[in-house]
Amino acid sequence: MNSNQKSGKRFEKNRFFLKDHIRQQVDFSQTDQRRRVPAPPLQTPCPENCVRFALPDGSMALARLAEMSVGEAIIRRQSVREYNQDSFTLEELSALLWATQGVRAVLSPACALRTVPSAGARHAFETYVAVSRVEGLTAGLYRYLPFDGQLAQLTVDEQIGSKAALACLGQGFVADAAATIFWTAIPARMEWRYAVAAHKVIAIDVGHVGQNLYLACTSLGARTCAIAAYDQDACDRLLGVDGEDEFTVYVAPAGKC
Ligand SMILES: Cc1cc2nc3c(=O)[nH]c(=O)nc-3n(C[C@H](O)[C@H](O)[C@H](O)COP(=O)(O)O)c2cc1C
């Protein structure tokens with residue numbers, strides 16, 4: 001057995017997660033969906049007393065993003081870790097959020113289509129934004145409400161950028177971003193349909209979200225950098241999520257440069 005084969009044995013349990021055999025473990029006649037258990041909400045409800053900000057609508061975002069061809073955006077896309085001090089306009093932030101998690105159509109109370117694909121259209125993510133410099137918004141933590149076209153203000157916090165950088169294992173450039181987006185997973189939304197096969201497709205889904213952010217940033221003359229090296233508990237604490245039924249899966253600082 002060569003050294004590659006030996007390391008293959010060590011990681012076998014984790015590699016299994018990437019294969020489709022996991023689907024064969026599911027008795028699809030017994031999933032929550034098939035047993036007619038109500039689906040989890042498509043968007044986590046927001047506390048009544050939250051201050052909310054209306055976002056410019058999706059067609060406005062589309063017009064901004066269409067200023068660059070998709071081919072050019074693909075060629076120009078790159079991970080950038082230096083941002084200048086310019087702010088995003090609310091319209092630009094709205095375009096980034098719409099491109100990554102915007103709602104295209106609501107098919108039923110249990111199913112909606114968004115600007116990214118998702119296995120079984122389950123869309124198991126919530127979007128949080130650590131805002132440092134966005135025109136019209138006070139610095140702090142916000143949650144995107146794509147079904148309402150709004151941002152809910154969760155905290156007011158001048159230090160949110162440096163807290164986000166600390167939660168990203170001290171990757172200092174995160175503190176310079178105009179805004180840092182955190183996507184959390186709510187696995188129950190996907191488990192409702194796919195049971196133990198849910199987790200692989202959640203991981204695939206979040207890649208689409210990240211790529212749309214890269215392309216949308218490029219079209220707007222902004223930049224981003226995917227971040228997977230983060231402190232799980234610190235990010236979850238920063239967002240105020242429980243780390244079990246909802247937890248951080250992807251972080252992306254963004255800014256002008
Ligand atoms: C899943 C994933 C995780 C990443 N995590 C980090 C990270 O924690 N910190 C960082 O500086 N870059 C991170 N990157 C960016 C990669 O280093 C970058 O994509 C790679 O160097 C290729 O450069 P390009 O994106 O400009 O083509 C990550 C990229 C991906 C796709």
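Reader: Start with Ala175. Leaving aside its neighbours within four places in sequence, which residues is Ala175 in contact with?
Author: Ala175 is in contact with Gly161, Ser162 and Ala165, once neighbours within four places in sequence are set aside. Bear in mind that this is a predicted model.

Reader: Where is Ala175 found?
Author: In the loop between helix 6 (160–167) and strand 7 (179–185).

Reader: Buried, exposed or partly exposed?
Author: Ala175 counts as partly exposed, because its relative accessibility is 30%. The cut-offs are under 20% for buried and over 50% for exposed.

Reader: And how far apart are the C-alpha atoms of Ala175 and Pro40?
Author: They are separated by 34 Å. Along the chain, the two are 135 residues apart.

Reader: Is Leu169 buried or exposed?
Author: Leu169 counts as exposed, since its relative accessibility is 54%.

Reader: What about Ala39? Where does Ala39 lie?
Author: Ala39 lies in the loop between helix 2 (12–18) and strand 1. Ala39 is partly exposed, at 23% relative accessible area.

Reader: Which residues does Ala39 touch, not counting those up to four places away in sequence?
Author: Ala110, Arg122 and Trp192. As for Val51, twelve residues along the chain from Ala39, the two C-alpha atoms are separated by 27 Å.

Reader: OK, switching to charges. How many positive and negative side chains does the chain have?
Author: There are 27 positive and 27 negative side chains. The centres of the two sets lie 9 Å apart.

Reader: How many salt bridges does a search of the whole structure find?
Author: Twelve. In general, side chains of opposite charge can pair when their charged atoms come close.

Reader: How accessible are Asp148 and Arg52?
Author: Asp148 is partly exposed, with a relative accessible area of 39%. Arg52 also counts as partly exposed, at 36%.

Reader: Which residue forms a salt bridge with Arg64?
Author: Glu92, with the closest N and O atoms 3.7 Å apart. Arg64 lies in helix 3 (residues 58–65) and Glu92 in helix 5 (residues 90–101), so the pair ties together parts that are 28 residues apart in sequence.

Reader: Are Arg64 and Glu92 buried or exposed?
Author: Both Arg64 and Glu92 are buried.

Reader: Which residues are joined with them into one network?
Author: Glu67, Glu91 and Lys256 join Arg64 and Glu92 in one network, through salt bridges that share partners.

Reader: And Glu12?
Author: The Glu12 side chain meets that of Lys9 in a salt bridge, 3.3 Å from N to O. Glu12 is partly exposed, with 44% relative accessible area.

Reader: Now zoom out. How many helices and strands are there?
Author: Nine helices and nine strands.

Reader: Why does the radius of gyration agree with a compact globule?
Author: Because a compact globule of 257 residues would have a radius near 18 Å, and the chain has 19 Å. The C-alpha atoms fill a box of roughly 50 × 50 × 40 Å along the principal axes.

Reader: What share of the residues is buried?
Author: Buried residues make up 47% of the 257.

Reader: What about the contacts?
Author: Among contacts with a separation of 6 or more, 73% come from residues 24 or more positions apart.

Reader: Last one. What does the accessible surface come to?
Author: About 12,600 Å², and 52% of that belongs to carbon and sulfur atoms.

Methods. Residues numbered from 1 in each chain as written. Predicted model: local features only at pLDDT ≥ 70, side-chain atom pairs only at ≥ 80, totals over all residues. Heavy atoms only, no water. Helix = DSSP H or I, 4+ residues; strand = E, 2+ residues; numbered from the N terminus. Rg over C-alpha atoms; globule rule 2.2 N^0.38 Å. Buried < 20%, exposed > 50% of the residue type's maximum accessible area, 1.4 Å probe, protein only. Contact = heavy atoms within 4.5 Å. Areas by Shrake-Rupley, 256 points an atom, 1.4 Å probe, with all protein chains shown as cover. Lys, Arg positive; Asp, Glu negative; His and termini not counted. Charge placed at Lys NZ, Arg CZ, Asp CG, Glu CD. Salt bridge = Lys/Arg side-chain N within 4 Å of Asp/Glu carboxyl O.
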